[in-house]
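Here's a quick briefing to read alongside the model. Take a look at the fold before going through the notes.

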Amino acid sequence: MRKDLQNYDKRQKFVLDDKDKAILQVLFKNPRAPISVIAEQCHMLRDSVRYRVKKMEEAYLIYDYHLIINPKVLGYEYFSHVFIQLEP
């Protein structure tokens, strides 16, 4: 585990609302998208987006900008990625 992730409060659960989810959808597509682009795509003010992204960073929901979401912050004990490759 990265050193900076050891600092997040494991007891505190972060609750996502629809606006947070919309921001994360934009960031999934382009983790380096400027705040102004995210705000435009989410139909929100830039200051609101900046505030919400900062809160998600402080809660360690978002860390690095590969957009790796920490599922434990959302209250999930277990999380797995399943990749299936189908042959054409």
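What covers the buried residues of H1? The cover includes helices H2 and H3 along with strand S1 (62–63) and strand S2 (68–69). Keep in mind that this is a predicted model. Overall, the protein has 3 helices and 2 strands, and they run α-α-α-β-β from the N terminus on.

**The whole chain**

- The protein has 88 residues, and 31% of them count as buried.
- Take the contacts with a separation of 6 or more: 57% of those link residues 24 or more positions apart.

**Helix H1, inside and out**

- H1 takes up residues 18–29, which makes 12 residues. From first C-alpha to last, H1 reaches 17 Å, close to the 16 Å expected at 1.5 Å a residue.
- The buried residues here are Asp20, Ile23, Leu24, Val26 and Leu27. They sit on the same side of H1, because the arc they cover around the axis is only 160 degrees.
- Gln25 of helix H1 counts as exposed because its relative accessibility is 53%, and the cut-off is over 50%.
- Gln25 and Cys42 are 17 residues apart along the chain, and their C-alpha atoms are separated by 9.3 Å.

**How H2 and H3 pack**

- Two packed helices are described by the angle between their axes and the distance between the axes.
- For H2 (residues 35–42) and H3 (residues 46–58), the axes come within 8 Å and cross at roughly 110 degrees.
- On the H2 side, the contact is made by Ile35, Ser36, Ile38 and Ala39. Their partners in H3 are Arg46, Val49, Arg50 and Val53.
- Sort the residues of this contact by type and you get 5 nonpolar, 1 polar and 2 charged.

**Arg52, a buried arginine**

- Arg52 belongs to helix H3.
- Is Arg52 buried or exposed? Its relative accessible area is 18%, so Arg52 is buried, given that the cut-off is under 20%.
- What is Arg52 in contact with, leaving aside its neighbours within four places in sequence? The list is Asp17, Lys19, Asp20, Ile23 and Met44.
- Two of those names, Asp20 and Ile23, also turn up among the buried residues of H1.

**Two loop residues with positive phi**

- As background, most residues other than glycine have a negative phi.
- His43 isn't a glycine, yet its phi is positive, at about 55 degrees. You'll find His43 in the loop between H2 and H3. His43 counts as exposed because its relative accessibility is 75%.
- Tyr60, also a residue other than glycine, has a positive phi near 60 degrees. Its place is the loop between H3 and S1. Tyr60 counts as buried because its relative accessibility is 18%.

Terms used: Residues are numbered from 1 along each chain as its sequence is written. This is a predicted model: local features need pLDDT of at least 70, side-chain atom pairs count only at pLDDT 80 or more; totals for chains, interfaces and linings use all residues. Side-chain values use heavy atoms; hydrogens and water are left out. Axes are lines fitted to C-alpha atoms, for helices over the stretch in contact, and angles run from 0 to 180 degrees between N-to-C directions. Helices (H or I, at least four residues) and strands (E, at least two) are DSSP runs, numbered from the N terminus. Contact means heavy atoms within 4.5 Å. Ala, Val, Leu, Ile, Met, Phe, Trp, Tyr, Cys and Pro count as nonpolar, Asp, Glu, Lys and Arg as charged, and the others, Gly among them, as polar. The expected span of a helix is 1.5 Å times one less than its number of residues. Buried means under 20% relative accessible area, exposed over 50%, partly exposed in between (1.4 Å probe, protein chains only). The arc is that of the directions from the helix axis to the C-beta atoms.
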